[in-house]
Amino acid sequence: MQNQNMRKGNKAFIKEWNRYLLLEQIRLNGPISRSELAKVTKMGLSTVTNIVEELLKHNLIKETGTAMSTGGRKPILLQFNETYQYAFGVKIEETKIRIALTNLQADILQICHVPFAEKSKPDIVIDTLVQYMSDMLVSQNLDDSCLCGVGIAASGLVDRETGTIVRSSMLGWENVPICQEVSKRMKDIPVFLDKNINAFTLAELHFGQPRKNFVCLSVGAGLGMTTVIDGHIYYGEFGGAGEFGHTTLQINGYPCHCGKRGCLEMYASEPFFKHEGKRLHIEAHSYTFEHLGERISKPEIAGLFKQLGVHLGYAIANIINTLNPAAIVLTGEGMKYAAHFLPYARAEASQNFFAATNETEIVVSLLSDDAWVQGAALLVIRERFQLPLYERE
């Protein structure tokens with residue numbers, strides 16, 4: 001990580017800070033009047049007026065109608081110009097890329113799902129991604145100058161600072177500088193990378209129920225977790241927070257793709273079906289949520305879902321006892337079959353968390369599958385409108 005120095009609070013910085021505060025208020029809470037902006041930001045009306053004029057001049061905001069008046073002229077409302085620029089949100093899955101072109105509110109203009117062969121080389125996937133993004137821009141009559149960046153969500157261990165997929169067992173990739181490679185192919189456009197569950201959590205913060213302290217838990221091909229503290233994702237000291245799936249549930253248990261044994265992910269996500277199914281000699285064409293969920297009428301398969309739910313319940317109880325969040329928000333492809341395992345998870349969690357923390361909600365996210373790519377686009381949007389507090393050496 002590069003050394004960082006806090007910027008000095010000089011006149012230029014204060015002006016930039018005020019501009020940032022006003023733009024964020026308009027972006028997140030518009031339409032809003034100048035007088036209301038002055039009230040919520042505690043800035044003088046003349047300061048607000050000057051900055052608003054600058055934002056209007058640069059087309060970052062627009063005037064949109066008037067508000068009700070309590071006497072005198074009706075106040076003119078200001079709204080963020082969400083089509084000032086655009087962003088791509090990308091989720092790289094095991095054999096498919098999801099690509100969405102969004103405006104600056106992460107609303108999707110166009111989306112496509114592009115298949116690729118399992119264990120494809122990074123260059124093949126990256127070339128395919130860039131080609132489809134270029135085609136989508138053309139289809140929307142946009143060019144590269146309209147694009148403020150690309151956000152990529154991927155599984156495995158990622159380095160956000162360098163934009164590198166360090167290791168993804170699902171993809172079979174190691175040390176892939178994906179941000180650098182995509183940017184190089186797209187005229188040096190900014191590209192940002194994060195874990196897929198972190199991207200989804202950004203969408204939950206932006207589009208979901210208003211919560212400040214919660215945990216997002218993804219149940220599917222693996223088990224991912226993101227912790228939100230006071231409205232912000234907690235990344236840890238070195239960016240590795242959230243690898244909850246690789247905490248140990250069973251000493252010397254089932255082997256995990258990470259190289260260890262007994263990881264929670266092997267007991268509370270899709271790999272459990274394969275490990276336990278084979279141990280019990282349960283025949284299946286594939287050990288996925290989708291395939292087994294269609295055969296839930298068979299008692300032995302219903303038993304697998306119940307066991308997975310029990311394991312997930314212990315995991316949820318541990319999260320509640322450790323973090324005491326307001327809610328645990330569940331997502332992932334496995335949640336389409338939640339009726340077959342979630343009741344057991346809730347029952348087990350209720351019996352195993354400490355009495356003082358029993359107000360935690362356990363809920364399924366109301367967002368659609370599009371939230372993964374919307375969250376990836378928000379990686380760009382968040383960076384685009386984030387005030388740089390530090391100077392890099």
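Contact here means heavy atoms within 4.5 Å, and helices (H or I, at least four residues) and strands (E, at least two) are DSSP runs numbered from the N terminus. The views show a predicted model, in which local features need pLDDT of at least 70 and side-chain atom pairs count only at pLDDT 80 or more, while totals for chains, interfaces and linings use all residues. Residues are numbered from 1 along each chain as its sequence is written, and side-chain values use heavy atoms, with hydrogens and water left out.

**View 1. Helices H6 and H4 across the sheet.** Helix H6 (residues 196-207) lies across S5, S8 and S12 and runs at about 100 degrees to S12, where axes are lines fitted to C-alpha atoms, for helices over the stretch in contact, and angles run from 0 to 180 degrees between N-to-C directions. Helix H4 (residues 122-139) lies across strand S5 (86-92), strand S6 (96-102), S7 and S8, at about 30 degrees to S6.

**View 2. The open sheet of five strands.** The strand order is S7-S6-S5-S8-S12, with mixed pairing; two strands pair if DSSP finds at least two bridges between them. Strand S7 (108-115) and strand S12 (191-195) are the edge strands, each pairing on one side only, and the twist from one strand to the next averages 15 degrees. Strand S8 (residues 147-154) runs parallel to S12 and is joined to S12 by five bridges, with Ala153 standing opposite Asp194 in S12.

**View 3. The S10-S11 hairpin.** Strand S10 (residues 164-168) and strand S11 (residues 173-176) run antiparallel and are joined by three bridges, Arg167 having Glu174 in S11 as its bridge partner. Four residues lie between the two strands of this hairpin, and Gly172 in the turn has a positive phi of about 75 degrees.

**View 4. The crossing of H10 and H11.** The axes of helix H10 (residues 299-323) and helix H11 (residues 342-352) come within 7 Å and cross at roughly 40 degrees. H10 and H11 are therefore oblique to each other, given that angles under 35 degrees count as roughly parallel, over 145 as roughly antiparallel, 65 to 115 as roughly perpendicular and the rest as oblique. Residues making the contact include Gly309, Gly313 and Ala317 of H10 and Ala345 and Ala349 of H11.

View 5. Arg34 is placed in helix H2 (residues 34-41) and is buried, with a relative accessible area of 15%; buried means under 20% relative accessible area, exposed over 50% and partly exposed in between (1.4 Å probe, protein chains only). Not counting residues up to four places away in sequence, Arg34 touches several residues, among them Glu53, Glu63 and Leu78.
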